[in-house]
Amino acid sequence: TRATVTLDRDFTVGPVPRRLFGSFVEHMGRCVYTGIYEPGHPAGDENGYRQDVLDLTAEMGVSIVRYPGGNFVSGYNWEEGVGPVADRPRRLDGAWHTIESNAFGLHEFVGWARKADVEIMEAVNLGTRGVDAARALVEYANHPGGTALSDLRRSNGAEEPFNIKLWCLGNEMDGPWQIGHKTADEYGRLAQEAGKAMRLVDPSIELVVCGSSSSGMPTFGEWERIVLDHTYDVADYISLHAYYEEKDGDAASFLASAVDMDHFIESVIATADAVRAQRKATKRINLSFDEWNVWYQTARDGDDMPATIEARGIWQEHPRIIEDEYNVTDAVVVGTLLNSLLRHGDRVAIANQAQLVNVIAPIRSEEGGPAWRQSIFWPFARMAQFAQGEILNARIRSDQYATQRFGDVDVVDTSATWDAATGRVALFVANRGLDDAAEVTVRLHGLAPTRVERAEVLTIPEGGDRLASNTVDDAENVGLVALEGVALDGDTLTLSLPPLSWGWMLVE
Ligand code: AHR
């Protein structure tokens, strides 16, 4: 397989949005309880935050975390998660058929986010609740003091306001499964009025309206158009959610998932800009891809599947739910999904991999036990750390391969950045081919490269296959190794990527 990538100093997409490296913590399964929070764990600090999970979150380079859901938020009363823990009610969470103890709530999350050094993206409940609860939460969180709600926060131990800037107006309100599911008109009106009232409390906040919960929804497109028509004045961003999985052993199509993501992003941009044109607006609505990942929803049964949990009819606290174990193929797909997000960084301003720990997550942890990195941890961690400065408009000519779902697709997929401050180019490149190495030539026009500083690759480990993964007993089976043989001659870089691999390199 051969591919040629052309990068040019003068052809940039825009600055790398730091919020592209977001994650998501939902009250779901073991993401909060025994994930980020486990009082009494040997690695737990005085607040019960797991330091081992905090360390891995920092190593991943997570910039922003969405909270508290997800489907969970559409039945959540935020007031029940504040105040003395002993007084907080235990509740049934219908979204995940789980008992919510409310031991962890807003203050605990803010404390965790500060320790993790991540920005908070807070969702309000527009399923069972509405304008009043949403504006009350903004007042509680962001108003300095001197009102009943802000003084309640102070008496609950937080003298200073939380100053949460980014807010989601509900979650997946287009989905029939959502508690309080709405039509586009119903949701659009409610989001407009909730957003307006929230901004009357704190004019500095930014607002995300719900787009479709996947591009496969029957209402996709129309939903975005109608919702933006109602909310254009109040919204800053519209959300996108997408989960990918290998179906029926069709690895070729699965590996091309980023083609679908590119198309989804471009369709939402087109729809948002059509509403803009029709309204003769100057303001642009940007995109918040606030749930994305690989998630084996259909291909696998198991005790940790939501349907099984519900069918058992047992209500439990923090049961295991969708604790997917990720393999080499998944890591290559995640690398290409990150490429897609970065390539669209002029319009995709926020992205959150779902979720952070245990629940379809790059980090796993066991109750009372260790925490470890899944295969998909690596592309995220390297890109979050090294995609700096400007996104380069990478032009690629690649050999193609046939897929059932997307037709002919480039075997090699890439994205790149250039940092004027350090003079460094970071290149992220995947070989989707299952059988052949990819010989890649990269032309670095106007970038004056002098040396390859670092190059690594994630691929099938020796003696393993494309389904190799990391487990609690073998946590470093899949990871990064040095990519040998990367050569620089003038402004031309050559490299060879093994079959089914994701690599990255730093040139300066
Ligand atoms: O991330 C898991 C779930 O997927 C979220 O709760 C929901 O928003 C989506 O359907």
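**Close-up views of a predicted model**

View 1. Strand S21 (residues 424-431) and strand S27 (residues 501-507) are joined by seven bridges in the antiparallel sense. Within this pair, Val429 is placed opposite Gly503 of S27. The model shown here and in the other views is predicted. Helix H11 (residues 377-386) lies across S21, S27, strand S23 (452-458) and S24, and its direction makes an angle of about 20° with S27.

View 2. Seven strands form an open sheet in the order S2-S16-S20-S21-S27-S23-S24, and their pairing is antiparallel.

**View 3. The closed barrel.** Eight strands close into a barrel that runs S3-S4-S7-S8-S9-S10-S11-S13, with parallel pairing. From one strand to the next, the twist averages 30°. Strand S11 (residues 286-294) and strand S13 (residues 348-354) are paired in the parallel sense through four bridges, and Phe289 has Ala351 in S13 as its bridge partner. Helix H5 (residues 184-201) lies across strand S7 (119-124), strand S8 (166-169) and strand S9 (206-209), and runs at about 155° to S8.

**View 4. Surroundings of the ligand.** The residues around the ligand are Glu26, Met28, Gly69, Gly70, Asn71, Asn171, Glu172, Ser213, Glu291, Ala354 and Gln355. Sorted by class, this shell comprises six polar, three charged and two nonpolar residues.

**View 5. Contact between the two domains.** The protein chain is divided into domain 1, covering residues 17-386, and domain 2, covering residues 392-507. Their C-alpha centres are 29 Å apart. Domain 1 contributes 34 residues to the contact and domain 2 contributes 32 residues. On the side of domain 1 that touches domain 2, the elements giving two or more residues are helix H7 (251-255), helix H8 (257-279), helix H10 (328-343), strand S15 (371-373) and H11. Of these, H10 gives the most, with ten residues. The residues on this side of domain 1 comprise 18 nonpolar, nine polar and seven charged.

Conventions:
Residues are numbered from 1 along each chain as its sequence is written. This is a predicted model: local features need pLDDT of at least 70, side-chain atom pairs count only at pLDDT 80 or more; totals for chains, interfaces and linings use all residues. A residue is near a molecule or strand if its C-beta atom, placed from the backbone, lies within 6 Å of it. Ala, Val, Leu, Ile, Met, Phe, Trp, Tyr, Cys and Pro count as nonpolar, Asp, Glu, Lys and Arg as charged, and the others, Gly among them, as polar. Two strands pair if DSSP finds at least two bridges between them. Axes are lines fitted to C-alpha atoms, for helices over the stretch in contact, and angles run from 0 to 180 degrees between N-to-C directions. Two residues are in contact if their C-beta atoms, placed from the backbone, lie within 7 Å. Domain bounds come from an automatic or database domain assignment.
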